[in-house]
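Visitor: I would like to learn how to read the packing in a protein model. Please take me through some features one by one.

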Amino acid sequence: MKTSDFDYHLPENLIAQTPIEPRDSSRLLVLDRNTGGIEHQRFTDIMDYLEPGDALVFNDSRVIPARLYGHKRETGARVEALLLIRKARNEWQALLKPAKKLGGGTVVELHDQTGGDSGVNFEVLSKSEEGIADIRFSDEARLEELGILALPPYIHHRLDEPERYQTVYSRIRGSVAAPTAGLHFTPELLKSIESKGIKLLFVTLHIGLDTFRPVKEEDPARHPIHKEFAYLPAETAAAINEVKANGGRVYGVGTSAVRTLEWAAKTAGLPLEPFEGWVELFILPGFEYKVIDRLITNFHLPCGTPLMLTAAFAGWDKVKDAYEAAVAEEYRFFSFGDSMLVL
C-alpha cells in the first residue's frame, strides 16, 4: 500500500468555493460497499435510507477563529499564527509563519481586526522540527475577537457568512476546521430525522493539524498522526450500545465522529464506555471497524487521511469508482462540496 495509490484526477473547477443554499440541497452520492452500486440523490433523500432504531452520531465541535496576525516586537516583521491545540490556560500549539525566524523567546504583538495593535501578545516557548510551536498568550480571552476563520487553502473566495463554516449543531469551541460532513444538515432536516425514530447523538472531537497536512510519506503507515482532543459522553455511549444491541445501525457523520467512536472501542472495547482525552488514530485499509455501520462523508482531497479512512470502510476500489462517477457527474468537492453516503 502506497500513498500514491490514493490519488485521483480532479478538475480544479469542481472544488467548491462557496456553500450551497439551502444546506440540505447539496447532492448525495450513495455507494453500496457490498455491491459497488452507485445512486445519485439529493441530500434530503437521506431520509429514505434511515430506519427507526438507527442512530446518527455527529461531532458538535465548533470552529474557532484560529488564524491570527501580528508582528515581531523586536523588528516589526509580519507574523501569522494558526492555532492548533489548546494545551493549558493561555498555552497553545500553533503553526507559525515565517517559522524559521520565530525561535524560542520571540514575542509577537497581535493585531486587531483593523490591523492595529491589540494589546495582546504571545511568546514562543519552543518549536519542533516540523515548525509546530508552543506559545503562551498574555490574555487568551480576546482570541475570539482577534482571530479569523482559517478556511482551507483550496478555498479562494471570501466567506461572507462565517456561520456557513459551522454546523447548525456546533456547540463546543475548539476545532481549527469544520467537521464538514455535518454542514449539509438543517434544523428542519434534523427534526424530520428525529421524528422518524432515529436517535441524534453527539461526540466532540476538536479537529486539528491533519486536516491541513497531506500525507507525504510514500508508505502511509509511516505518516505521523497528530493527537486531537475528544469527548464521548456517557449518554451517547449508552445510546449507541442500545442501538447495537437492538439491531439498529450506527451512522458516523464525518470522519471525526468515526475516529472518536472507533478510538473508544479500540482502547476500551465494547460495549462503549464514556471517554475524554486524546485521540491518536490513523485509519487505513485493513482497519476493523467495531462501531460504525454506515458513513456520511464529503469528498476528500487526494492522498489525505480522511480519504484513506473512507477507503478502509468501503474498499478503495469501490471508493475510487464512486469518485470517478462523481467527477463525471460534476459533483462539487471538498469542504463546501457535495456529500456521500456509504451503505
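**Cores, rings and sheet**

Guide: This is a predicted model. Its largest nonpolar core has 70 residues, and those with the most contacts inside it are Tyr165, Leu261, Tyr289 and Phe333. Helix 5 (residues 305-314) gives the most to this core, with seven residues.

Visitor: Which residues is Phe333 in contact with, leaving aside its neighbours within four places in sequence?

Guide: Those residues are Tyr8, Leu10, Leu14, Ile15, Ala16, Phe299, Tyr323, Ala326 and Val327. Phe333 also belongs to one aromatic cluster with Tyr8, Tyr154, Phe299, Tyr323, Tyr331 and Phe334.

Visitor: How is a pair of aromatic rings described?

Guide: By the distance of the centres and the angle of the planes. The structure holds 19 aromatic pairs. In one of them, Phe43 and Phe185, the ring centres are 5.0 Å apart and the planes stand at 90 degrees, so the pair is edge-to-face. Phe43 lies in the loop between strand 2 (38-42) and strand 3 (55-59), and Phe185 in the loop between strand 11 (172-175) and helix 2 (187-195), so the pair ties together parts that are 142 residues apart in sequence.

Visitor: Is Phe43 buried or exposed?

Guide: Phe43 counts as buried, at 0% relative accessibility. Phe185 also counts as buried, at 0%. Another edge-to-face pair is Tyr165 with Phe336, at 5.9 Å centre to centre and 80 degrees between the planes. Tyr165 and Phe336 are buried as well.

Visitor: Where do charged groups sit over rings?

Guide: One case is Lys227, whose charged end sits over the ring of Trp278, 5.5 Å from its centre. Arg33 lies over the face of Phe313, at 3.9 Å from the ring centre.

Visitor: In what order do the nine strands form the open sheet?

Guide: The order is 2-1-17-16-14-3-12-13-15, with mixed pairing. Strand 2 and strand 15 (275-279) each have a single partner strand, so one side of each is left without a neighbour in the sheet. Within the sheet, strand 3 and strand 12 (residues 199-205) run parallel and are joined by five bridges. Ala55 has Lys199 of strand 12 as its bridge partner.

Visitor: What does helix 5 touch on the sheet?

Guide: Helix 5 touches strand 1 (27-31), strand 16 and strand 17, and its direction makes about 150 degrees with that of strand 16.

Note on methods:
Residues numbered from 1 in each chain as written. Predicted model: local features only at pLDDT ≥ 70, side-chain atom pairs only at ≥ 80, totals over all residues. Heavy atoms only, no water. Phe/Tyr/Trp six-rings, centres within 6.5 Å; stacked < 30°, edge-to-face > 60°. Helix = DSSP H or I, 4+ residues; strand = E, 2+ residues; numbered from the N terminus. Buried < 20%, exposed > 50% of the residue type's maximum accessible area, 1.4 Å probe, protein only. Lys NZ or Arg CZ within 6 Å of the ring centre and 35° of its normal. Core = buried A, V, L, I, M, F, W, Y, C linked by side-chain atoms within 4.5 Å. Contact = heavy atoms within 4.5 Å. Pairing = 2+ DSSP bridges. Axes fitted to C-alpha atoms, helices over the stretch in contact; angles between N-to-C directions.
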